[in-house]
Amino acid sequence: MIEKVRGPKNLKRPLVFAHRGASGEYPENTRIAFKKAISSRADLIELDVTLSADRKVVVIHDDDLDRTTRLVGNVRDFESEILRELDAGSWFSRKFKKETIPFLKDVLDMIRKSETDLNVEIKSTAMDDVVSGNSIESLVLDLIRRVELRKRILISSFSWKCLERIRTIDPEIKLGVLVGEESGSVDEAIGFAEKVGAWSVHPSVSEASKENLEKISAKNLLGVVYTVNETADMRTFLDRGADGLFTNFPDRMRKLLRKEY
Ligand code: G3P
Ligand code: CA
């Protein structure tokens with residue numbers, strides 16, 4: 001399980017982050033992908049959340065339903081009772097046609113019963129202009145608190161404003177600063193991470209140079225790289241000093257760690 005303390009000290013790593021679950025072999029962000037990640041002994045499952053029309057926290061990567069379901073349209077335009085019924089597996093393979101879109105509440109129940117922790121990525125498109133009790137930040141924190149899982153959850157976002165809001169509501173929950181084209185550079189992410197007392201910085205493979213990973217580590221932050229699927233690439237980033245990798249193949253990474261690290 002991930003440690004309570006911020007920073008790399010005393011933490012068993014590198015950490016396996018199952019990206020959208022075991023999404024290399026199962027449809028992303030579904031229960032079966034999460035179950036497989038748990039059985040692969042991933043340290044954390046990463047998933048993406050946004051809001052339904054009735055403001056339930058839905059687990060799905062894209063803003064629309066087009067790619068991963070048989071319906072077309074924006075997730076935020078549909079009520080949860082409709083979303084809940086949608087086939088979220090057939091696009092990947094007909095054999096997963098019974099997989100439906102999960103809600104964060106359901107996944108938290110799975111996490112509670114497992115040894116694997118959770119990284120909730122909040123989509124910036126789900127944010128309101130002004131934060132309120134009904135905003136995604138508050139709704140996510142309420143769900144986590146209700147099941148007393150606060151210490152086992154890492155919240156990340158490309159929107160640093162979202163992370164700032166989370167920190168205002170909850171002074172202790174672990175935060176992961178995602179580095180993307182629109183969010184800012186690795187140096188800026190490190191500065192921001194220090195300001196909000198984040199746990200980790202998440203650069204993409206193109207930003208994860210040895211130098212950048214060392215800079216992250218020098219500030220006692222964890223550097224977790226997205227998304228690394230080939231064994232040879234896993235070695236490359238681990239050898240550069242990554243503290244963890246987001247991978248669609250948690251099994252593959254676990255095997256590598258067992259043999260070589
Ligand atoms: O959190 C790491 C990674 O998931 C960020 O990119 O597009 O896969 O959500 P994306
Ligand atoms: Ca994600």
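Trainee: Which residues does leucine 118 touch, not counting residues up to four places away in sequence?
Mentor: This is a predicted model, in which local features need pLDDT of at least 70 and side-chain atom pairs count only at pLDDT 80 or more, while totals for chains, interfaces and linings use all residues. Residues are numbered from 1 along each chain as its sequence is written, chains are lettered from A and ligands numbered from 1 in the order in which they are written, and side-chain values use heavy atoms, with hydrogens and water left out. Contact means heavy atoms within 4.5 Å. With residues up to four places away in sequence left aside, leucine 118 touches Leu44, Ile45, Leu47, Leu104, Val107, Leu108, Ile111, Arg152, Ile153 and Leu154.

Trainee: Which residues touch the most other members of the largest nonpolar core?
Mentor: A nonpolar core is a set of buried Ala, Val, Leu, Ile, Met, Phe, Trp, Tyr and Cys residues joined through side-chain atoms within 4.5 Å; buried means under 20% relative accessible area, exposed over 50%, and partly exposed in between (1.4 Å probe, protein chains only). A second, separate core of 11 residues includes Leu11, Phe17, Leu44 and Leu178. In the largest core, which has 60 residues, those touching the most other members are Val49, Leu104, Leu118, Val140 and Ile155.

Trainee: How many of the 11 residues of helix α4 are buried?
Mentor: Helices (H or I, at least four residues) and strands (E, at least two) are DSSP runs, numbered from the N terminus. In α4, the buried residues are Ile136, Glu137, Ser138, Leu139, Val140, Leu141, Leu143 and Ile144, and they pack against β2, β3, α3, β4, β5 and α5. Helix α4 (residues 136-146) is largely enclosed by the rest of the structure, because the number of its residues that are buried is 8.

Trainee: Within what arc do the buried residues of α9 fall?
Mentor: Helix α9 (residues 250-260) has Pro250, Met253, Arg254, Leu256 and Leu257 as its buried residues. Seen down the helix axis, they line one face of α9, while Arg258 and Lys259 on the other side are exposed. The arc is that of the directions from the helix axis to the C-beta atoms. For the buried residues of α9, the arc is 160°.

Trainee: Which elements do the buried residues of α9 pack against?
Mentor: The residues concerned include Met253 and Leu257. Their packing partners are β1 (15-19), α1 (31-39), α8 (231-239) and β9 (244-247).

Trainee: What is the volume of the second largest pocket?
Mentor: On a 1 Å grid over the protein atoms alone, a cavity is a set of points where a 1.4 Å probe fits but cannot get out, and a pocket is an open set with protein on both sides within 12 Å along at least five of seven lines; lining residues have an atom within 4 Å of a point. Grid points are joined across faces, edges and corners, and a volume is the space filled by probe spheres set on the points. The largest share of this pocket's lining, 4 residues, comes from α4. The volume of the second largest pocket is about 220 Å³.

Trainee: How many charged residues are in the lining of the second largest pocket?
Mentor: Ala, Val, Leu, Ile, Met, Phe, Trp, Tyr, Cys and Pro count as nonpolar, Asp, Glu, Lys and Arg as charged, and the others, Gly among them, as polar. The lining includes Arg55, Lys56, Asp106 and Arg146. By class, it has 5 nonpolar residues and no polar ones, and the charged residues number 7.
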